[in-house]
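Please look at the sequence and the model before reading on.

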Amino acid sequence: MEVELKLLLDPQHAARLREHPLLAHHATQEPVLLAMHDVYVDTPDLQLCRHQAGLRVRHIDGAWVQTLKAGGSVRGGLHSRYEWESAVAGAAPDLDALDALIKGKQPVRALLRQDAVRANLQTVFGTRIERTVWQLATPQGDLVECVLDQGVIEHGSADSMRSVPVSEVELELKAGRQAALFDIALALLQEVPLWIGQASKAERGYRLAAGLPVKAVKAQPLILKDKLSVQQGFLAIAANCLEQVSANQDGVASSEDVESLHQMRVGLRRLRSVLSLFKPLLALPEDLQADLDWLVAKLGAARDWDVLVLDTLAPCEGEVDADTLAPLSEAAREEARAAHAQAAEALADVRYTRLMLGLQRWLLTCGWREGSTPRQRRALEQPLPRFAKQALRQRQRRLRKRGKLLLSGTPDERHQIRIAAKKTRYAAEFFASLFSDGKVRAYVKPLSGLQDVLGGLNDLQVADGLLRQLAEEQSTLQAPASFVRGYLAARAHERLADARGMRQAWRRFKAARLPG
């Protein structure tokens, strides 16, 4: 399996990268300069792409080499994919040679054996790259290939060619520790601005050639084995959360896509929840925690404006006079656009790069062990199912204690109940594969219901603050904002006065049994 860390580089900083002292200090030989021309092939209906595979033929040093990549994962710029490579006679791939290389029952092997695929492969796009290669050896004995690629991805004929630029750094692990990739990247980052490269050249090429949109990505299914230790369970859950965060990075960075931002924020909330769940045994370093809180805040503002526009003001249509509602909705949409731009700027900040690299290095090296106590280390080696049952009981007790203020508490106290319900639900979902599927669903469903009821009230409270902000910033909005705030306050009062919904949601939760 190929393991590489991909980082993006502004072309104007290429000279700074070439002159970085780390490259000179760790290089085992002079850098090699290569000119590469790649041809990516697929069927007209993009069967390889749809199965998350990429097939290219590369012309380099007067020879042709075919490469098939498939499967694996991408997390915060760390690309782990299965790779098969062989020499070919020309620009056309040799599928029989690839078939002979693929071991086991890989899904892509069956795909390449289909007549419909074999008979219909065609060029989809190409790349022309000037590559500089450094072979690095770290003091710890790790061997890393550092590559600087600069060029273009192209699609179309000579008279209608479209292209996008390529300027990126790839750190590929040849031997040794994966952590070495992050050590090198963080050292380079001190002198050269770099950004997380979530999309491969193949993905970018398909977007160019086929107009494939950047889609929002929900959390992938999480399967935990009974035999895992507490530490192994934490690593699996945290990696799953980081994968969701990074999978939505490009959607947040390149557009105003509401769902991409929402899913990235969900991934961050899940990550913070798992850190809180395991905090008695391990703690995130203060600098990483500060950067994580900074990112959550940057994305949170955009999400609040999205909710105001889509979930709070939009349902008011028909209930509130259009002349009153329209200017508020337009002003809120403008604030949402500005907040999305600020979220994108946050992802373009090297602070985000440092956070994602630092988090992954911390996980790879189990960075918490250095300052842990013997008791904590013993607890981390205990069976995960036992810890899961204890953690769920603790979450439930905390929620039940806070829930005593459900009807009599302040808006902030009800918000804390909602947060406790959300953390309890996340914990149950993290550990779901350790318990009966039916019992987990029966437990999570009332938690989600309680969270929804309290979430609606919280949305109205946040909306009040945002509308007040609009009125303070734009005098022409003072009257309509005052009216709509009064309307929403009346809705909130009705919900609180008629507490049947909250009582019912609470009773259902109290009646639910813990999965374990």
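## Terms and basis

Helices (H or I, at least four residues) and strands (E, at least two) are DSSP runs, numbered from the N terminus. Residues are numbered from 1 along each chain as its sequence is written. The model is predicted, so that local features need pLDDT of at least 70 and side-chain atom pairs count only at pLDDT 80 or more, while totals for chains, interfaces and linings use all residues; side-chain values use heavy atoms, with hydrogens and water left out.

## Overall form

The protein has 20 helices and 9 strands. Its radius of gyration, taken over C-alpha atoms, is 26 Å. For 516 residues a compact globule would have a value near 24 Å, and the protein therefore agrees with that expectation; the globule rule is 2.2 Å times the number of residues to the power 0.38. The C-alpha trace spans about 80 × 60 × 50 Å along the principal axes.

Contact means heavy atoms within 4.5 Å. Of the contacts with a separation of 6 or more, 73% are between residues 24 or more positions apart.

## Surface and charge

The accessible surface comes to about 24,500 Å², and carbon and sulfur atoms account for 50% of it. Accessible areas come from the Shrake-Rupley method with a 1.4 Å probe; for residues, only the protein chains shown count as cover. A residue is buried under 20% relative accessible area, exposed over 50%, and partly exposed in between (1.4 Å probe, protein chains only). Buried residues make up 50% of the 516 residues.

There are 70 positive and 62 negative side chains, and the centres of the two sets lie 12 Å apart. Lys and Arg count as positive and Asp and Glu as negative, without His and the chain ends. The place of each charge is taken as NZ of Lys, CZ of Arg, CG of Asp or CD of Glu.

## Nonpolar cores

In soluble globular proteins, nonpolar side chains tend to be buried together. A nonpolar core here is a set of buried Ala, Val, Leu, Ile, Met, Phe, Trp, Tyr and Cys residues joined through side-chain atoms within 4.5 Å. The largest such core has 123 residues, and F234, F278 and F431 have the most contacts inside it. Helix 18 (residues 437-473) gives the largest share of this core, with 13 residues. A second, separate core has 32 residues, including L98, V147, I153 and L208.

Leaving aside neighbours within four places in sequence, F278 is in contact with V230, F234, I237, F387 and F431.

## Selected residues in helices

Q360 lies in helix 14 (residues 350-364) and is buried, because its relative accessibility is 3%. Apart from neighbours within four places in sequence, Q360 contacts R75, G76, L78, F182 and L242.

T324 belongs to helix 13. With 19% relative accessibility, T324 counts as buried. Beyond neighbours within four places in sequence, T324 meets P480, F483 and V484.

## Selected residues in a strand and a loop

V164 is in strand 8 (residues 162-175) and counts as partly exposed at 23% relative accessibility. Not counting residues up to four places away in sequence, V164 touches G151, V152, I153, R204 and L208. The C-alpha atoms of V164 and R204, 40 residues apart along the chain, are separated by 8.5 Å.

G318 is located in the loop between helix 12 (286-313) and helix 13 (322-347). Its relative accessible area of 77% is why G318 is classed as exposed. G318 and A346 are 28 residues apart along the chain, and their C-alpha atoms are separated by 37 Å.
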